[in-house]
Amino acid sequence: MKKLQSKFVMTALAACLCPIQSTLAAPRTASTSTLKSAEEPAYRVPPVRRDQMLWPAPSQVQLTGWLGARVSANEMNRLLVVDEDELLDGFRHRPGKQEWIGEHVGKFLHAATLAWANTGDERLRVKIDRVARELIKTQETDGYIGTYTPAQRWTSWDVWVHKYALIGLLTHHRYTGELSSLQASRKIGDLLVVTFPAQKSLIAAGTHVGMASTSVLEPIVLLYRTTGDAKYLQFARYIVASWEEVGGPKVLSSLLSTGSVRQTANAKAYEMLSNLVGLCELLRVTGDASYLQACETAWTDIVKNQLYITGTASHREHFGEDGKLPNEPNANVGETCVTVTWIQLNSQLLRLTGKARYGDELERSVYNHLLGAQRPDGSQWCYYTPLEGRKPYGRSINCCLSSGPRGVALTPQLAYFKYFQGGAESLAVNFFESSRAKLMLAGQAVEVEQRSGFPRAGQSEIVMHLARPTRFGLKVRVPSWAAPMTLQVGQSRATSVTKSGWLEVSPRRWQNGDRVRVQFRLTGSLQRGTTSNSGRAALRWGPLVLAYDSAHNTMSPPMRALAAISADLKPEAPAIGSTSSSMAALQSPLRLQVPLQIGRETVPRMAVLVPFAEAGRGGEAFRVWLRAPGVPYVTGVSLAENGEELLSRNGNVMDSFNDGDTNTFAVTFDTNKRDEDWFALVLPNPITLRRVLFAHGKSFHDGGWFDSSRGKPRVQVQKTPEGEWETLGELNDYPQTTATSNAGLRDGQTFSLQLPEAASVTGLRVIGHPASGDNPAQSFSSCAELQAFEK
């Protein structure tokens with residue numbers, strides 16, 4: 001963890017209370033946003049393979065529940081406040097400051113255009129038009145619109161940047177009708193067509209075995225469908241063929257032969273998924289069944305071997321060893337770009353096949369890892385989002401901060417679909433979220449209003465608003481957590497689930513005001529971990545993965561001491577003076593009471609769990625995977641394992657120093673200079689110790705260690721509760737440091753004091769003089785572990 005990043009973490013709670021929070025208030029309702037029945041604009045080139053399900057235009061859906069509040073926050077606190085000059089600087093002043101700096105403007109245009117199409121916010125329309133106009137001004141006469149100098153063109157991430165410029169400009173044209181964005185897109189496409197492969201191999205023009213450059217496949221197919229120009233389809237076919245060149249990623253052949261994403265190319269998750277999204281688009285215009293086979297093969301492998309319980313994949317940005325899914329922050333878990341592209345792939349497969357299993361994964365990813373990476377006020381994002389520790393929210397521009405808003409902006413289009421079956425049409429309900437939609441069914445505009453108790457109650461009511469009676473069917477996705485589910489229309493009840501995973505009402509003649517009552521199971525469940533999470537368990541509430549969050553609990557044992565013993569979860573009533581069925585209650589954070597076992601204690605204690613998407617929102621420590629029921633608590637074994645952690649002053653990094661992990665630490669950095677610092681464990685019951693172990697945390701340029709030139713760090717104890725601190729000895733093996741030099745001290749390095757005889761104590765601490773490094777105006781120290789042993 002970088003110190004400057006960590007300084008923000010500890011101030012995030014205060015930031016959540018600043019005026020920006022007020023803009024999160026509530027999603028737009030009927031009074032501020034009008035639903036439209038106009039469907040997605042038709043492409044000039046119709047599909048060869050027709051989708052089983054048609055997704056709505058963004059303007060056809062309005063989310064109004066908990067999910068809707070997050071969508072609104074994305075627009076209000078991120079997209080509307082994006083620094084346009086920062087997005088465009090690399091194009092205006094080539095070369096850009098960083099190799100893929102040019103991707104951000106295309107990602108912004110994609111997300112912000114979808115958000116504008118959803119809400120009709122005129123401020124956002126003005127912003128996207130201005131950004132598109134300014135981007136097009138930087139386009140050169142030959143069509144080049146990248147951030148590289150002429151000598152460096154078509155190296156590294158240059159094609160990748162053009163991919164996102166295409167995605168952004170084509171999206172802007174599609175929803176606004178702006179012809180200049182389409183003309184600029186055609187110029188980009190024409191330049192790519194004459195450059196590859198005539199002048200250079202596309203594989204050689206990009207990183208990650210060429211997958212970065214070949215991911216331009218998606219917008220090239222969309223450019224073909226928009227214009228009808230056959231040369232773009234020919235270029236798309238070349239892209240797929242280039243995978244098989246010498247040194248190419250062999251995406252198609254490898255997936256079909258090995259069935260493994262880990263064994264394909266260099267296993268880089270984001271780029272591979274991007275190529276598969278493009279392959280789905282090419283499938284629509286060619287009908288090549290092998291493309292669907294490859295995508296479904298990759299999907300099956302990811303779900304079985306690579307997918308986190310929260311709906312993301314990758315650690316250190318790659319698909320790793322099957323089943324090995326580390327949770328900790330230093331493993332770079334769940335790159336947000338991967339989460340968003342995984343959502344895009346599932347969206348493609350759901351529309352293409354109509355199989356509800358892809359809707360299940362959309363739900364898992366959106367409600368857990370996507371929103372878990374977004375700070376709840378929408379202003380910041382995590383690049384990586386661990387399943388334990390602290391969430392490293394940030395606002396500085398990077399690929400994930402630009403990708404996350406795209407995923408959230410896509411969410412309204414994932415709630416409802418038009419389902420084609422034979423000659424009949426059905427309304428398909430994918431999310432159990434309070435919402436409104438206006439779809440064209442059987443040639444008539446049908447407004448659907450869903451009044452849902454989710455995520456607090458397993459019931460929903462769907463109300464049909466029609467100008468005249470209309471005949472269509474109804475399908476509701478049945479995820480495993482919600483079964484059994486029933487649909488009741490008048491006196492009729494549907495309970496049978498189709499093979500593709502939908503509960504359906506056969507086509508019938510609907511009248512204005514008809515209501516469908518949906519009853520589904522919404523309870524707690526316990527999932528035991530496997531492979532790298534063997535011996536652990538996670539708790540869920542419906543589709544929501546839960547986490548123990550220190551901000552919601554007064555007890556402070558080491559998180560590794562927490563054990564799940566049952567799934568007996570009880571939601572707390574919203575603390576807003578409102579009934580649980582009100583909109584305000586549905587948008588308020590969900591808290592659930594559950595009994596947990598602490599260490600070796602035999603009597604469970606009540607604790608509070610919150611959805612992973614809400615955990616750590618103020619910079620606090622949290623944990624998803626707990627010790628599984630019946631698994632014994634085994635440690636090093638520190639006698640002080642249940643001690644309460646205290647330190648002389650709270651710093652900007654406050655991870656546990658009593659968790660057996662020397663990769664996490666606490667510091668006393670608060671910009672002030674102090675003569676002494678200490679790290680202590682106060683014990684609930686006396687222990688008898690003979691040895692004390694102290695682990696240094698981390699050294700920074702401006703301190704983080706003890707200055708032993710003024711005396712070695714001392715070990716002190718309390719022999720009675722709240723008694724005087726008595727010195728037992730010094731850490732004599734601590735190096736000869738000074739205020740400005742750490743003498744080669746290693747992060748996590750351990751030191752110990754062996755006592756000549758046992759001592760009974762109720763408190764333990766290490767105290768010393770903090771160092772200042774290169775900033776003498778302040779000083780601080782750090783601690784990764786403080787432990788006590790009987791010998």
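This is a predicted model: local features need pLDDT of at least 70, side-chain atom pairs count only at pLDDT 80 or more; totals for chains, interfaces and linings use all residues.

Analyst: Residues are numbered from 1 along each chain as its sequence is written, and side-chain values use heavy atoms, with hydrogens and water left out.

User: What is the average pLDDT of the protein chain, and where does pLDDT stay under 50?

Analyst: On the scale of pLDDT (the predictor's confidence in each residue, from 0 to 100), the protein chain averages 92, and 94% of the residues score at least 70. The value stays under 50 over residues 1-25 and over residues 576-581.

User: Why is α4 called oblique to α5?

Analyst: Helices are DSSP runs of H or I with at least four residues, strands are runs of E with at least two, and both are numbered from the N terminus. The axes of α4 (residues 84-92) and α5 (residues 103-119) come within 8 Å and cross at roughly 135°. Axes are lines fitted to C-alpha atoms, for helices over the stretch in contact, and angles run from 0 to 180 degrees between N-to-C directions. Angles under 35 degrees count as roughly parallel, over 145 as roughly antiparallel, 65 to 115 as roughly perpendicular and the rest as oblique; α4 is therefore oblique to α5.

User: Which residues make the contact of α4 with α5, and what classes do they belong to?

Analyst: With contact meaning heavy atoms within 4.5 Å, the residues are Leu87, Leu88 and Phe91 of α4 and His104, Val105 and Phe108 of α5. Ala, Val, Leu, Ile, Met, Phe, Trp, Tyr, Cys and Pro count as nonpolar, Asp, Glu, Lys and Arg as charged, and the others, Gly among them, as polar. The contact therefore has five nonpolar, one polar and no charged residues.

User: What makes β1 and β14 edge strands?

Analyst: Two strands pair if DSSP finds at least two bridges between them. Five strands form an open sheet of mixed pairing, in the order β1-β6-β7-β11-β14. β1 (53-54) and β14 (502-510) each have a single partner strand, so one side of each is left without a neighbour in the sheet.

User: How do you know that β7 and β11 pair?

Analyst: β7 (residues 424-429) and β11 (residues 470-477) are joined in the parallel sense over four bridges, and the criterion is at least two. Serine 426 stands opposite glycine 473 in β11.
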